[in-house]
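Please consult the sequence and the coordinates shown here alongside the text.

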Amino acid sequence: MATALYRKYRPTVFGDVIGQDHIVRTLINQIEHDRVGHAYLFTGSRGTGKTTCAKIFARAVNCSAPVNGSPCGKCEACTALADASNLDIMEIDAASNNGVDDACEIRERVKYPPVCGKYKVYIIDEVHMLTGSAFNALLKTLEEPPAHAVFILATTEVHKLPATILSRCMRFDFRLVSVDKLTELIARVYDAEGKAYEPEAVRYIALAGQGSVRDALSVADMCFNYSDGKLTYADCLEVLGATDSGKMHALFDALASGDFGTALAGVDELARLGKSMSLIARDLTRYARDLLVAKTGSVELINDTKENIAAMRAVADKCSVDMLVSIVRIFSEIDSELRYSVSPKIVLEVACVRAAKLAVADIGALTERVLRLERAVENGVPTVASAPAAPAATSTAPKPKDAHSVWGRMTTYMRTSGSMRLYSLIGDHRDFSIDGNTLVIRARDAAYLQFSDAETLSMIERFLREDGDELTVKVVQAADDNAMDSAIDKLKKMMGDAKLEITK
């Protein structure tokens with residue numbers, strides 16, 4: 001039976017560990033200077049090397065002649081520890097051994113000295129799964145273990161560990177591995193296996209790993225077995241069910257142009273090709289993010305080919321930053337809805353229509369800005385080139401603004417922009433008015449706090465800009481007359497009416 005690539009190429013020495021130089025260097029220095037601690041905590045995302053480093057460290061501390069801080073693999077201790085039945089390195093899965101009895105068993109076993117090495121090492125994986133009672137049973141042992149005992153706790157959810165445990169461990173945070181390092185690793189693995197590949201294919205696999213070495217190698221294994229000959233970029237897209245860049249570019253271009261028909265046709269074509277609606281939504285989110293990066297000029301942060309980045313720039317020119325941010329929110333927020341919907345395609349189609357409507361809103365905002373500039377020119381603002389005299393216009397005095405009309409349009413805007421929280425908040429509120437050029441919102445208690453929130457104010461101000469109303473927004477706390485009357489009555493009862501004069 002063939003061995004999975006992530007197992008076959010699992011590092012056995014610190015020199016083969018990638019992306020965790022800050023941790024590897026510290027562990028090597030401890031071994032070389034004989035300053036081994038008694039309790040370590042390895043935390044970080046899955047597949048970043050926590051258990052791998054724990055196993056290497058466990059063998060290295062028992063090795064009689066470490067090589068650059070790593071186990072030599074040749075001495076008597078290394079040979080004995082290579083046997084899975086050896087009791088000097090105990091690997092415990094806390095997910096299935098999480099009770100107080102299991103912790104007590106560890107506490108009893110730790111008393112016995114090692115058989116062949118200097119230390120007895122306990123690697124407790126997924127340690128956050130231990131119960132509260134189990135943590136309490138383990139606590140004293142962690143605080144004052146025997147001189148021959150070393151504990152290595154590994155977890156992906158460090159926030160679930162009690163502070164009493166954290167304070168007794170030397171903590172190491174494992175980072176996500178960069179795309180460049182994952183690309184180099186997969187290329188080395190394919191070269192060692194004699195597998196031909198396109199550079200774009202290997203980089204796409206590295207991107208799919210999302211910073212996890214194990215996930216990247218698992219994807220590399222699938223792609224390896226899919227292709228008999230040279231592995232191509234198209235092969236990787238087919239294996240992962242992803243959307244190729246050409247179709248993604250065409251779909252997003254339709255969204256950015258406000259072309260509803262073409263956008264829906266694009267979704268239908270991808271659905272007929274068997275693409276997952278959830279994966280299409282994630283691809284659209286990532287594409288919008290890349291456009292946002294391209295628009296700010298930081299193209300080095302985009303992991304794609306030069307040709308695709310050039311195409312992205314052209315689409316990015318059609319979009320504003322606010323529009324791209326909104327599109328990212330639209331497609332990232334429908335993940336759970338897609339997961340549980342009886343018709344995921346309709347959910348994605350509705351999201352595409354909402355995104356395309358943003359493009360129309362952006363065009364409307366641009367048109368309004370042009371009209372404002374034209375009005376400024378008519379009012380005598382100097383320009384570089386003289387424009388032909390405009391025909392006599394009717395009075396340009398601003399029309400009185402209707403607060404209820406503005407509020408109604410804002411309610412509709414919040415509903416179509418995807419912010420259901422603000423839609424509900426604004427739709428249920430009735431105490432507002434326009435004072436000169438200021439939209440005054442009077443609110444009490446929780447509503448006042450919600451309207452005063454920075455994000456809420458930003459969304460209202462954005463609406464006012466796009467709606468063409470030259471208004472500012474002001475939130476004031478409305479007085480609660482009933483509560484005030486009640487307080488006055490209580491004071492009068494305590495002090496007497498003659499001693500208390502209160503003006504409301």
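## Burial of strand 3

Strand 3 is covered on both faces: Lys-120, Tyr-122 and Ile-124 on one side are all buried, as are Val-121, Ile-123 and Asp-125 on the other. The strand is thus described as mostly covered, with six of its six residues buried. These assignments refer to a predicted model.

In general, the strands of a sheet pair through backbone hydrogen bonds, in either a parallel or an antiparallel manner.

Strand 3 has a parallel partner in strand 2, joined to it over five bridges, and Met-90 stands opposite Tyr-122 of strand 3. Strand 3 also pairs with strand 4 in the parallel sense, again over five bridges; here Ile-123 stands opposite Ile-152 of strand 4. Strand 4 (residues 149-155) pairs in turn with strand 1 (residues 39-44), in the parallel sense and over five bridges. Within that pairing, Phe-42 has Ala-154 in strand 4 as its bridge partner.

## Crossovers and helices on the sheet

A right-handed β-α-β unit is made by strand 2, helix 5 (residues 100-109) and strand 3. The chain then crosses from strand 3 through helix 6 to strand 4, and this β-α-β crossover is right-handed.

## Packing of helix 12 and helix 15

Which helix has an axis that comes within 10 Å of the axis of helix 12 (residues 245-256)? The partner is helix 15 (residues 306-316), and the two axes cross at roughly 10°. Because this angle is under 35 degrees, helix 12 is roughly parallel to helix 15.

On the helix 12 side, the contact involves Ser-245, His-249, Phe-252, Asp-253 and Ala-256, which meet Asn-308, Ala-311 and Val-315 in helix 15. The residues of this contact divide into four nonpolar, three polar and one charged.

How values were computed:
Residues are numbered from 1 along each chain as its sequence is written. This is a predicted model: local features need pLDDT of at least 70, side-chain atom pairs count only at pLDDT 80 or more; totals for chains, interfaces and linings use all residues. Side-chain values use heavy atoms; hydrogens and water are left out. Two strands pair if DSSP finds at least two bridges between them. Helices (H or I, at least four residues) and strands (E, at least two) are DSSP runs, numbered from the N terminus. Buried means under 20% relative accessible area, exposed over 50%, partly exposed in between (1.4 Å probe, protein chains only). A crossover is right-handed if, with the strands pointing away from the viewer, the path from the first strand over the helix to the second runs clockwise. Axes are lines fitted to C-alpha atoms, for helices over the stretch in contact, and angles run from 0 to 180 degrees between N-to-C directions. Angles under 35 degrees count as roughly parallel, over 145 as roughly antiparallel, 65 to 115 as roughly perpendicular and the rest as oblique. Contact means heavy atoms within 4.5 Å. Ala, Val, Leu, Ile, Met, Phe, Trp, Tyr, Cys and Pro count as nonpolar, Asp, Glu, Lys and Arg as charged, and the others, Gly among them, as polar.
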